[in-house]
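Please find below a short note on the model under review.

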Amino acid sequence: MNQERVYTVLVEPHFSEKVSIQGEESNQYGFKVAKDATTAEIKEAVETLCGVTVSKVTTLNVTG
């Protein structure tokens, strides 16, 4: 994946009460991502930008 795509996959971090509880208890975090992003692209983008090792990526599509 090219460097420009890495910066466009992650749109913004997602903050909610549920996400902050998951972050504290099991070291999980939430991001809003591009609609056309694959799980492999999301994993690579988080590892590149945050400097961490990602073990699992789950996605959820929410209707507006």
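The points below proceed from the overall fold to individual residues.

1. Basis of the note. This is a predicted model, in which local features need pLDDT of at least 70 and side-chain atom pairs count only at pLDDT 80 or more, while totals for chains, interfaces and linings use all residues. Residues are numbered from 1 along each chain as its sequence is written, and side-chain values use heavy atoms, with hydrogens and water left out.

2. Secondary structure. The protein contains three helices and two strands, where helices (H or I, at least four residues) and strands (E, at least two) are DSSP runs numbered from the N terminus. Along the sequence these elements are arranged as α-β-α-β-α. The radius of gyration is 12 Å, close to the 11 Å that the globule rule gives for 64 residues, so the protein is as compact as a globular protein of that length. That radius is taken over C-alpha atoms, and the globule rule is 2.2 Å times the number of residues to the power 0.38.

3. Extent and surface. Taken along the principal axes, the C-alpha atoms fill a box of roughly 35 × 30 × 15 Å. The accessible surface is about 5300 Å², and carbon and sulfur atoms account for 50% of this surface; the areas come from the Shrake-Rupley method with a 1.4 Å probe, and for residues only the protein chains shown count as cover. Of the 64 residues, 20% are buried. Here buried means under 20% relative accessible area, exposed over 50%, and partly exposed in between (1.4 Å probe, protein chains only).

4. Contacts along the chain. Among contacts between residues at least 6 apart in sequence, 40% join residues at least 24 apart. A contact means heavy atoms within 4.5 Å.

5. Charges. There are 6 positive and 9 negative side chains, and the centres of the two sets lie 6 Å apart. Lys and Arg count as positive and Asp and Glu as negative, whereas His and the chain ends are not counted. Each charge is placed at NZ of Lys, CZ of Arg, CG of Asp or CD of Glu.

6. How many salt bridges are there? The count comes to three, a salt bridge being a side-chain nitrogen of Lys or Arg within 4 Å of a carboxyl oxygen of Asp or Glu. Side chains of opposite charge can pair when their charged atoms come close.

7. The bridges of R5. The side chains of D36 and R5 meet in a salt bridge at 3.5 Å, N to O. This pair links distant parts of the chain, with D36 in the loop between β2 (31–33) and α3 and R5 in helix α1 (residues 3–9), 31 residues apart. D36 is exposed, at a relative accessible area of 54%. A salt bridge also joins E41 and R5, at 3.0 Å from N to O; this pair too links distant parts of the chain, since E41 lies in helix α3 and R5 in helix α1, 36 residues apart.

8. The bridge between the strands. K32 and E12 form a salt bridge through their side chains, at 3.3 Å from N to O. K32 belongs to strand β2 and E12 to strand β1 (residues 10–13), so the pair ties together parts that are 20 residues apart in sequence. K32 is partly exposed with a relative accessible area of 40%, and E12 is partly exposed with 37%. Salt bridges that share partners join R5, D36 and E41 into one network.

9. T48. This residue is found in helix α3 and is partly exposed, with a relative accessible area of 41%. Not counting residues up to four places away in sequence, T48 touches Q3 and V6.

10. N27. Most residues other than glycine have a negative phi. N27 sits in the loop between α2 (17–26) and β2, and is exposed with a relative accessible area of 57%.

11. The segment after α3. S55 is found in the segment after α3 (39–50) and is exposed, with a relative accessible area of 77%. S55 and A45 are 10 residues apart in sequence and 13 Å apart in space, C-alpha to C-alpha. N61 also has its place in the segment after α3, and is exposed with a relative accessible area of 78%. From C-alpha to C-alpha, N61 and K43 are 17 Å apart in space, and they are 18 residues apart in sequence.
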